[in-house]
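Here is a set of questions and answers about the terms used for one model. Each answer sets a value against its cut-off.

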Amino acid sequence: MPTHAIIVLLMRRLIYQDPFAVAPATAAVSLPSGLATSERAPEWLNKADNAWQLTAATLVGLQSVPGLIILYGSMVKKKWAVNSAFMALYAFAAALLCWVLWAHRMSFGGGLIGPLWGRAGPALAPGYLLGRANLGYYVPAAAYVLFEFAFAAIAVILLAGSLLGRMNFYAWMMFVPLWLTFSYTVGAYAVWAEEGFLDAYGMVDFSGGYVIHLSSGVAGFTAAYWVGPRQSQDRQNFPPNNIIHMLFGAGLLWLGWSGFNGGSPNEANIVAALAILNTHLCTATSLIVWMSLDMIVYRKSSVTGAVQGMITGLVCITPGAGLVQPWAAAVMGLAAGSIPWYTMMVLHRRNAFFQKVDDTLGVFHTHAVAGLLGGLLSGLFAHPRLIRLFYPNNDRGPGLVYSFGDGKIRRGLQQMAAQVVGAGFVTAWNVAVTSLICVLIGRVMALRMEDEDLAVGDDAAHGEEAYALWGDGEKTRSHVVRRKMVARMPGICNR
């Protein structure tokens with residue numbers, strides 16, 4: 001066939017979408033070498049999705065290390081800076097080992113106890129990691145395992161915010177793997193696994209508003225009850241030791257949320273783009289609302305308050321980031337900046353039970369309250385088309401607001417009921433399991449440090465101090481303290 005005839009046929013197909021224009025057999029089409037399949041790039045692999053998934057996993061990891069390490073280390077009193085940061089660092093490392101050895105399969109593998117729990121097993125075999133992710137995404141399982149690990153790690157690190165300033169570090173070392181195994185995996189499986197009963201019930205949780213934030217907030221508050229309070233002088237006077245570093249950690253947390261919510265579709269698609277935009281819109285709105293309430297009530301803006309408002313905005317949008325329209329994300333920001341502000345700044349100070357439980361950084365308010373709020377608002381504002389894009393194989397929604405216009409009010413009410421049931425299950429499970437874990441650890445060793453160690457802080461816990469500068473209020477040089485320090489064995493060895 002002449003060359004000009006081939007060109008005419010191709011143009012008719014591409015420009016006019018002519019169904020009768022058939023490409024001639026001689027017009028062979030070859031892919032660029034970068035798109036060709038090979039053993040390194042199987043036909044199911046989408047390189048763009050894989051690159052984004054790895055980037056998102058890294059962003060979520062940076063939220064914990066160094067994000068929450070810096071935030072915790074600077075948001076607490078000077079004498080607790082090292083201990084607080086170290087609790088986050090240890091939890092990140094321990095969570096990774098638990099995740100790849102057994103917890104990932106418990107969260108996303110085949111069912112062990114019906115729709116409640118996955119079967120434990122390692123996620124380390126090359127055949128498994130180099131294969132396609134088991135939920136049908138166009139990424140290798142290794143990328144999916146890494147991404148979900150970062151979620152699990154940040155959940156237990158967020159929980160630690162309730163326990164800073166008094167928990168026995170050795171007890172914390174036991175708590176992390178136990179809570180990850182018996183609490184987090186159950187929530188993840190029930191909500192996200194194909195066989196999970198909350199997934200089957202139709203609950204929506206785009207990126208972990210219930211699985212991560214509601215669970216960590218409830219579990220942190222529960223653990224704080226069992227561990228006991230800080231010393232009275234620390235509860236009354238616990239100022240941040242470095243405001244600038246606190247803002248640096250908060251900034252890493254905020255920008256890292258682009259990967260947190262943007263990576264949840266596991267594809268570089270339009271839902272991921274919308275989720276990232278909604279995340280920042282809700283967060284900015286929440287921060288401004290929280291700061292405005294501080295200025296109205298206390299006559300001055302608070303940097304610490306602004307950070308709290310930032311966190312509540314991030315948490316609130318998480319369960320619906322890719323499921324709601326931008327106007328709804330802004331409304332969620334208004335709620336995130338005001339309702340948790342009220343529970344923390346007003347209700348907490350008036351309620352005797354809240355006063356009894358020493359939640360160091362107010363994780364219950366910033367994560368449990370904000371996570372619950374976000375889950376319920378997601379059921380209210382979830383857009384039918386966005387639900388269909390994110391849950392293509394599931395019949396969910398629409399959100400209650402849209403159900404009136406679609407004439408599907410019953411379906412909208414069912415969606416709200418699913419959100420309420422999911423919140424109730426996650427809350428009850430975390431209260432029960434966290435209590436059991438704390439009681440069991442308490443039978444082996446003290447959950448709370450001794451009072452004389454609490455008076456000292458970091459030096460008593462680790463033999464190190466955050467600002468070891470000679471002449472800056474220290475009684476002795478830090479290296480002398482280290483050399484003369486007597487080794488202290490865990491409480492378990494003294495029983």
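The questions below concern a predicted model.

Q: Why are H15 and H18 called roughly antiparallel to each other?
A: Helix H15 (residues 363-381) and helix H18 (residues 409-444) pack at an angle of about 165°. Angles over 145 degrees count as roughly antiparallel, so H15 and H18 are given that name. Their axes are 8 Å apart, and the crossing of H15 and H18 is right-handed.

Q: Which residues make the contact of H15 with H18?
A: On the H15 side they are Leu372, Gly375, Leu376, Gly379 and Leu380. H18 contributes Gln415, Met416, Gln419, Val420 and Ala423.

Q: How many residues of each class does that contact have?
A: The contact of H15 with H18 has six nonpolar, four polar and no charged residues. Gly counts as polar in this scheme.

Q: Why does Cys98 count as buried?
A: Buried means under 20% relative accessible area. Cys98 has 5% relative accessibility, so Cys98 counts as buried.

Q: What makes Cys438 buried?
A: The cut-off is again under 20%. Cys438 has 1% relative accessibility and therefore counts as buried.

Q: How many disulfides does the count come to?
A: A disulfide needs a pair of cysteine sulfur atoms within 2.5 Å. By this rule the count comes to zero.

Q: What percentage of the residues of the chain count as buried?
A: Of the 495 residues, 54% count as buried.

Technical notes
Residues are numbered from 1 along each chain as its sequence is written. This is a predicted model: local features need pLDDT of at least 70, side-chain atom pairs count only at pLDDT 80 or more; totals for chains, interfaces and linings use all residues. Side-chain values use heavy atoms; hydrogens and water are left out. Axes are lines fitted to C-alpha atoms, for helices over the stretch in contact, and angles run from 0 to 180 degrees between N-to-C directions. Helices (H or I, at least four residues) and strands (E, at least two) are DSSP runs, numbered from the N terminus. Angles under 35 degrees count as roughly parallel, over 145 as roughly antiparallel, 65 to 115 as roughly perpendicular and the rest as oblique. A crossing is left-handed if the near helix is turned anticlockwise from the far one by less than a right angle, and right-handed if clockwise. Contact means heavy atoms within 4.5 Å. Buried means under 20% relative accessible area, exposed over 50%, partly exposed in between (1.4 Å probe, protein chains only).
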